[in-house]
Amino acid sequence: MTAYRAQSGETVLIEAQQLDTLIQTLTRRGYEVVGPTICEGAIVYDRLGSAKDLPAGWTDEQDGGTYRLKRRADNALFGYVVGPHSWKKYLHPPAVRLWRAERGANGFSIVAEKQEPPKYAFLGVRACELHGIRIQDKVFLEGAHTDPTYSSHRANVFLVALNCGQAGGTCFCASMNTGPKAESGYDLALTEIVEQGRHRFVVEIGTERGAEILAEIPHEPAGESDRETAKRIVAETAGHMGRTMDTAGIKELLYSNYDHPRWEQVAQRCLTCANCTMVCPTCFCSTVEDVTDLTGEHAERWRKWDSCFTMDFSYIHGGSVRATAKSRYRQWMTHKLGTWIDQFGSSGCVGCGRCITWCPVGIDITEEVRAIRKSAPGGSPES
Ligand code: SF4
Ligand code: SF4
């Protein structure tokens, strides 16, 4: 290694053991580093104290309603795809106290919550997840009103992306044009190479902030063969997606098939458990709950994740607007793939496959689209 200092826009090479230096450098600069770890048989996002916390030598097998970890033949640090967690648990936390109220001599006084979340560094953000964060940025930050909770958690996040070296059984980001390569929106982007007895990372520098962090990590310019290897790895990943989805005219397809018999068929299987919305990196719905203690001296208002699969979600005076499983599944899928485009200018699905893997009965959004497309009037007989 030389004293060469790379700039934003350049591509460099670091040895695998320098990943710990990256974690320590970010920690020293005040970031709480979060990344993949193993907990209860799954890869989940949690705080990283060092590179030893990463799931070295593990991979995952995923299919509809199926997830399991198994050992790899090598010691890759990122040799798996996404697990049940997404970064939204940090940016849009599952439960947030909005304010407290205390009874005093002159009635109740409201105590506002102070939003002082840690300064996060996310390590190992996949391309589909960058798109998921971008979608939530649009929802929470770019509408008529800015969400202060999301805004305070999102500010200053340092993003270390990871270009996927393998595709999962339920992945279809290539169909959604959201991966497997991170194209923008990161400070640093890594491609892991474990070949010919050498373990290293090709690092693309996305921002000046990324270049500053990298200046503290031994690195060298990436050679032509390392760049080509990184390109090949990502291209092979794109060619091995476990699922595909034909998105041509998908909004119009769904809008013209509200009464398709497939909605009834999927409703026979759907448990309306809401798992798909909890694991989805773009679903953002929440509810508000007020709680008091038994003395009546203290009250709190909480915001909690909610789901369009619950009966309460569409409850208005007299009952739920969407009282059947059929109407709730149709609402979810049509919003994700159709009305989301009208509302936010993009699909609400980034092709991460989580809703397929974590659906207890293995309902597959790609299969549901295919079934409607096949038998819709004028639909194409896609295989
Ligand atoms: S589609 Fe699957 S995960 Fe989603 S609510 Fe129905 S059963 Fe649950
Ligand atoms: S709808 Fe399913 S595949 Fe699409 S982003 Fe959400 S969890 Fe991922």
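This report describes the nonpolar cores and the ligand surroundings of a predicted model.

## Basis

Local features require pLDDT of at least 70 and side-chain atom pairs pLDDT 80 or more, while totals for chains, interfaces and linings use all residues. Residues are numbered from 1 along each chain, chains are lettered from A and ligands numbered from 1 as written, and side-chain values use heavy atoms without hydrogens or water.

## Nonpolar cores

A nonpolar core joins buried Ala, Val, Leu, Ile, Met, Phe, Trp, Tyr and Cys residues through side-chain atoms within 4.5 Å, buried being under 20% relative accessible area with a 1.4 Å probe and protein chains only. The largest such core has 35 residues, and Leu22, Phe78, Leu123 and Phe201 have the most contacts inside it. Helix α1 (residues 18–28) gives the most to this core, with four residues; helices are DSSP runs of H or I, at least four residues long, numbered from the N terminus.

Beyond four places in sequence, the contacts of Phe201 (heavy atoms within 4.5 Å) include Val12, Leu19, Phe78 and Leu190.

## Ligand shells

A shell residue has a heavy atom within 4 Å of the ligand. Ligand 1 has 13 residues around it, of which Cys270, Leu271, Cys273, Cys276 and Cys359 come nearest. By class, this shell has 11 nonpolar, two polar and no charged residues.

Around ligand 2 are residues including Phe172, Trp332, Lys336, Arg354 and Cys355. Elements α11 (325–344) and α12 (354–357) each give two or more residues to this shell, which divides into eight nonpolar, two polar and two charged residues. In these counts Ala, Val, Leu, Ile, Met, Phe, Trp, Tyr, Cys and Pro are nonpolar, Asp, Glu, Lys and Arg charged, and the others polar.

Terms used:
Buried means under 20% relative accessible area, exposed over 50%, partly exposed in between (1.4 Å probe, protein chains only).
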